[in-house]
Amino acid sequence: MTGLLSYLVFFLIQALIYALVALGLNLQWGYTGLFNIGVAGFFLVGSYTFAVLSGPAYATHLGGFGLPVAVGILGAMAMAGLIALVVGIPTLRLREDYLAIATIGIAEVLRLVALNARGLTGGSRGAQSIPRPFQGLELGNVASNLVFLVLVAALVVLVYLALETMVRSPWGRVLKAIREDEQAASSLGKDPFRFRLQSFVLGCAIMGLGGALNASFVGFVAPTDFLPILTFEIWAMLIVGGSGNNRGALLGSVLVWAFWTGTGSIAQSLLPSGLQVKGGALQVILIGAVLLLILMIRPRGLIGEERTVSREAELGGDGRT
Amino acid sequence: MRKFLILGAATIPLLFGTALAQSCTVTIGSVMALTGSLGVLGQQIAKGAQLAVADLNAAGGVDGCTVKLALSDDQTQANVGVDAAKKLVDVQHVPAIVGALSSGITTAILTSVTAPGHVILISPASTSPTLTQLGKDGKTGGYFFRTAPSDALQGVAMADYAYTGGLRKVAVLYLNNAYGQGLSDQFVKAFKGLGGTVTQDVVYNPDQPSYRSEVNKALGGGPQALFLIGYPGDGTTIAREWVASGGPQTWLLPDGLESQAFVNDVGPSYFKKVYGTAPGTTDTPSLATFKKEFQAKFGSLPTQAYMTNAYDATVIVGLAMDYAKTTTDTAAIRDAMRKVTDPNGQKVYAGANELQAAAGLLKLGTTLQYIGATGPLQFDAYGDVAGPYVKWTVTGGNVKETGMITVSEIEKVQAELAK
């Protein structure tokens with residue numbers, strides 16, 4: 001396989017892992033209006049749970065269960081969902097900005113737990129040797145990445161189809177109703193808190209899935225992998241792609257990750273050798289400029305939310321049965 | 001006149017001939033933190049690598065090719081660093097990467113890109129013992145090297161220094177990050193192993209306005225001295241509160257606090273007795289050459305760590321490629337890394353002139369011992385280097401280096417502790 005193709009496979013794996021997280025965030029923000037700025041925290045829970053469940057025995061911390069990768073992934077999703085439940089019950093009654101602040105705090109608390117609970121997570125040293133699926137088959141570098149790409153792509157398709165079905169269902173319509181006008185929804189007998197909790201837990205479980213896959217992909221996790229900048233990256237992906245639209249989340253993820261990393265190569269080629277050490281600064285400028293440009297041209301994101309019109313109105317009915 | 005012109009015209013192809021001899025280019029990759037929390041340090045460390053490439057080219061290039069440094073930023077983030085490394089390996093086909101700085105990013109690049117891709121990764125600044133562990137677990141394929149000694153060593157050096165200095169009861173206050181956790185762990189283990197007592201081992205988080213509660217906790221048990229691990233800033237706050245709470249003014253201080261500004265801010269009179277350690281370099285001509293050349297090329301030489309380590313890492317990669325007479329066979333280059341740092345080899349030093357001499361020796365296939373700006377480097381089985389440590393103290397209010405703790409002394413202590 002040529003070098004460029006091999007790199008594209010690697011790139012796509014990371015972009016699709018972020019796409020999964022963006023899909024989870026889209027369910028929370030795009031469809032339910034939950035302002036969750038704690039994405040990195042639930043991603044962390046997924047990563048570490050996977051490391052503990054499927055990783056090797058560690059001399060300094062919990063591990064050594066050696067469970068198969070599939071079990072580790074399910075465990076990661078369950079743990080992320082559980083923590084979302086525990087965290088959601090007290091905080092989901094808060095509105096927008098207040099929920100945002102609470103979730104920032106939650107993400108930082110989770111990161112500090114990972115940093116300090118050394119018996120659980122290995123602390124700042126991190127957890128290494130996290131396995132890939134089909135580790136025993138001793139695939140070569142290229143084959144292992146290809147297999148992983150197929151796995152991640154399949155999971156993305158699965159999650160996408162599941163979410164699309166759910167948001168077109170009555171449950172999905174209630175979410176949108178709560179997002180638009182909570183009082184109207186509750187006056188019709190829907191309990192907004194219950195639906196928000198369900199959406200939050202489900203979205204966080206999907207983020208946990210992304211975290212588990214990322215841990216398997218890189219093979220090593222450390223608390224410094226889950227800083228608030230990660231939350232910002234996912235939010236940028238969702239906003240640029242178009243929140244409220246699952247295809248937008250997918251498109252945004254691939255595009256934003258492409259220019260987040262691609263600007264590095266551009267900066268490297270633009271600068272003369274004497275200024276190469278400033279390449280990083282130029283890259284960050286370019287990232288900001290591109291984000292700004294896209295949002296100026298398409299403020300609602302690249303693919304805006306689809307207008308859903310009630311079936312009755314579409315059929316031209318006048319309300320008579 | 002015409003004959004003169006014809007003669008002149010005849011020499012022109014000769015000029016082209018010599019220029020064409022360098023028509024190939026070999027790219028050495030580098031992933032460093034140019035932005036983000038380590039960005040300020042990283043930009044200077046990257047210059048160390050750039051100087052090395054300039055020197056290698058002045059010495060005639062590597063294996064007949066001009067060397068180019070492909071420098072990528074990792075933004076002090078693992079995901080960006082991993083992607084940059086993969087791009088260097090797959091698209092620019094680099095045989096070796098100098099980087100990264102943060103241990104977390106180096107480990108991520110190692111496990112996901114360079115070890116499976118059989119590309120050499122040589123880090124100038126990552127000190128986490130996790131990288132040694134991966135070598136022991138057989139996960140690196142021998143493709144990992146580093147020119148900075150592991151944190152594991154400074155803890156042992158400090159414990160030995162303190163114990164032989166007569167201290168038996170020490171309290172530890174350490175910063176909650178990889179540096180602090182690693183160094184404190186190693187110190188506690190070593191100090192207890194030598195027969196001392198660590199009365200309290202207290203962690204603190206950065207950027208707090210006051211550390212009263214941590215200091216009070218650390219005072220429990222009546223220690224003779226405080227091992228304070230951190231950086232100036234929070235370190236200053238803690239030191240002042242320690243003194244104000246009546247703590248003993250005997251200090252164990254690591255490299256992070258080897259700073260005159262720190263001593264001045266706390267108050268020089270409070271440093272009654274200081275046992276300080278810091279990664280040192282054996283004094284060799286290479287360091288002076290490096291300083292001179294760096295100043296000439298970049299205009300100023302900042303006082304910070306790891307620039308020399310980056311220079312040495314890049315030079316060793318270049319020499320190894322020259323020895324192995326290949327810029328693409330990474331297994332051969334990997335094996336050659338120890339042939340240019342062989343303690344029995346012919347000594348060569350840093351700087352453009354020395355490297356020119358080295359190039360001549362390598363053409364004959366001579367084994368070399370490269371004495372770098374950080375001293376003579378020798379890689380052990382896992383790619384680690386052992387380095388000496390500098391002893392420093394505060395006398396008359398001034399930070400002063402007083403001696404060395406040599407590699408063999410540290411190894412002796414380690415052997416004793418292993419029993």
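Keep in mind that the model is predicted.

- Take a look at B:Ile109: leaving aside residues up to four places away in sequence, B:Ile109 touches B:Val31, B:Gly81, B:Val82, B:Ala85, B:Ala100, B:Thr114 and B:Leu121.

**Domains of chain B**
- The domain assignment gives chain B a domain 1, made of 25–148 + 283–376, and a domain 2, made of 152–271 + 388–418.
- Taken over C-alpha atoms, the centres of domain 1 and domain 2 of chain B are 31 Å apart.

**A sheet in chain B**
- Chain B has an open sheet of 3 strands in the order 11-12-13, and its pairing is mixed.
- Strand 11 (346–348) and strand 13 (375–376) of chain B are the edge strands, each pairing on one side only.
- Strands of a sheet pair through backbone hydrogen bonds, either parallel or antiparallel.
- Strand 11 and strand 12 (residues 368–372) of chain B run parallel and are joined by 3 bridges.
- B:Lys347 has B:Gln369, in strand 12 of chain B, as its bridge partner.
- Helix 14 of chain B, residues 352–363, packs on the sheet and touches strand 11 and strand 12 of chain B.
- The direction of helix 14 makes about 150° with that of strand 11 of chain B.

Notes:
Residues are numbered from 1 along each chain as its sequence is written. Chains are lettered from A and ligands numbered from 1 in the order in which they are written. This is a predicted model: local features need pLDDT of at least 70, side-chain atom pairs count only at pLDDT 80 or more; totals for chains, interfaces and linings use all residues. Side-chain values use heavy atoms; hydrogens and water are left out. Contact means heavy atoms within 4.5 Å. Domain bounds come from an automatic or database domain assignment. Two strands pair if DSSP finds at least two bridges between them. Helices (H or I, at least four residues) and strands (E, at least two) are DSSP runs, numbered from the N terminus. Axes are lines fitted to C-alpha atoms, for helices over the stretch in contact, and angles run from 0 to 180 degrees between N-to-C directions.
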